[in-house]
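Let's take a walk through this protein together, one piece at a time. Have the sequence and the 3D view ready, and follow along as the elements come up.

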Amino acid sequence: MARRHGRRPHESTVSASFTIYLCSLAGCPTMEKMLHSAPIQATLPDCFIFPADKRPPATAAAVSLPIIDLSRSRDEVRRAILDAGKEIGFFQVVNHGVSKQAMQDMEDVCREFFRLPAAEKAGLYSEDTHKATRIYSSTMFETGGERYWRDCLRLACSFPAGDSAMDWPEKPRRLREVVERFTVQTRGMGMEILRLLCEGLGLRHDYLEGDISGGDVVLHVNHYPPCPDPSTTLGLPPHCDRNLLTLLLPSMVPGLEVAYKGDWIKVQPAPDAFVVNFGCQLEVVTNGLLKSIEHRVVTNLGVARTTVATFIMPTTDCLIGPAGEFLSEENPPCYRTLTFGEFKRIYSVVKLGSSLNLTTNLKNVQKEI
């Protein structure tokens, strides 16, 4: 593990004590493992510090992703989504049908949640990745022991409406009402984007409805506390999303970075916009015409950053492979047909060393089965 030199004696003592505080609790499922509940420290614990060759670069170009106005003509929007998706794999949408009030309420209630006393959230803490509602730290991927500067509240919402909200936190008092309203509107936006994609790709308009988008809608409320040394760690590792479509309520505090032409670009959020990216299942269905692009999260020294990622998911037993419309003698299948459950079991490990070329080759991952 790489270590920084030149610390004053008391800094080394503080760092070592906090390292013990966070890193020696591997078998202790308590809120003490949550970053936002831990004491504020002046230095970064060693268990979060990456080797020098795997750290975030000192600078990354700030880029405004393509901004697509969903209120424009259907033909114009279809072309814009496909162009942006093929060029960079990420884009932002405005006039998307999610009300400003729903967005603001969601941001407010999520910040309120992370400000609650630790005792009121302790019952939600779990390291069980199969648990639908939980709070945890670092990442859901297997990382070989690497730790990431992030806390997360995971929620799942079934459609049509079920009883999944019964497991959601009871506090803040208005959380359930706010999350339900936000999720319904955000999923509606996502399904409309999928219909536009189908039309632009020459598929029937409802091709991506049914089981392939009918799993629970999963929300990750990501909380990145101020980091003592953002230059030596990450909030999330380089990864691609395993689902069908991701819709991010991004916060106006930058942090998301996207792999683009062999480099990382820093996403500059637009006001009242969602950031949209394609999941691995869209790459499979289109036989690689659309790509699920690698992205990561960097931290910052000054302020906390809270975002909400909404994942449109297939059902676990949904069988997904390249659509026949994208296959021919000249263009054979590039991906295996798998259930979504099988895919998640295969694509579950993320390590910094495997992402030095800034790409995740989904075809190669499948060949390793």
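How many bridges join strand E4 to E5, and do the two run parallel or antiparallel? There are 4 bridges between E4 (residues 134–137) and E5, and the two strands run antiparallel. You can find one spot in this pairing at Tyr136, which sits opposite Cys152 in E5. Keep in mind as you look that this is a predicted model.

Before going further, let's step back for the whole picture. The protein has 369 residues, and 54% of them count as buried. Its secondary structure comes to 7 helices and 15 strands. Among contacts with a separation of 6 or more, 78% are between residues 24 or more positions apart.

Now back to E5, which covers residues 151–157. How many of its residues are buried? The count is 7 of 7, so the strand is mostly covered, where buried means under 20% relative accessible area. In a regular strand the side chains alternate between the two faces of the sheet. Here, Asp151, Leu153, Leu155 and Cys157 point one way, Cys152, Arg154 and Ala156 point the other way, and all of them are buried.

On to the next strand, E6 (residues 217–224). E5 and E6 run antiparallel and are joined by 7 bridges. Two places to look are Leu153, which stands opposite Val221 in E6, and Arg154, which stands opposite His220. In E6, 8 of the 8 residues are buried, so this strand is largely enclosed by the rest of the structure. Both of its faces are covered: Val217, Leu219, Val221 and His223 lie on one side, with Val218, His220, Asn222 and Tyr224 on the other. E6 also pairs with strand E13 (residues 305–312), again antiparallel and over 7 bridges. Val221 turns up here too, standing opposite Val308 in E13.

Val93 has Phe274 as its bridge partner in E11.

H4 runs over residues 175–201, and its 27 residues reach 38 Å from first C-alpha to last, close to the 39 Å expected at 1.5 Å a residue. Just after H4 comes Gly202, with a positive phi of about 85 degrees.

There is another sheet to look at. It is open, has 5 strands in the order E1-E10-E9-E12-E7, and its pairing is mixed. E1 (61–63) and E7 (236–239) stand at the edges with a single partner strand each, so one side of each has no neighbour in the sheet. Neighbouring strands here are turned by 30 degrees against each other on average, direction ignored. E1 pairs with E10 (residues 263–267) in the parallel sense, over 3 bridges. In that pairing, Ala62 has Lys266 as its bridge partner in E10.

Finally, two loop residues deserve a look. Leu289, in the loop between helix H5 (280–285) and strand E12 (295–297), is partly exposed, with a relative accessible area of 39%. Leu289 touches Lys86, Leu201 and Phe326, leaving aside residues up to four places away in sequence. Leu289 and Phe326 are 37 residues apart in sequence, and their C-alpha atoms are 8.3 Å apart in space.

Key
Residues are numbered from 1 along each chain as its sequence is written. This is a predicted model: local features need pLDDT of at least 70, side-chain atom pairs count only at pLDDT 80 or more; totals for chains, interfaces and linings use all residues. Side-chain values use heavy atoms; hydrogens and water are left out. Buried means under 20% relative accessible area, exposed over 50%, partly exposed in between (1.4 Å probe, protein chains only). Two strands pair if DSSP finds at least two bridges between them. Axes are lines fitted to C-alpha atoms, for helices over the stretch in contact, and angles run from 0 to 180 degrees between N-to-C directions. The expected span of a helix is 1.5 Å times one less than its number of residues. Contact means heavy atoms within 4.5 Å.
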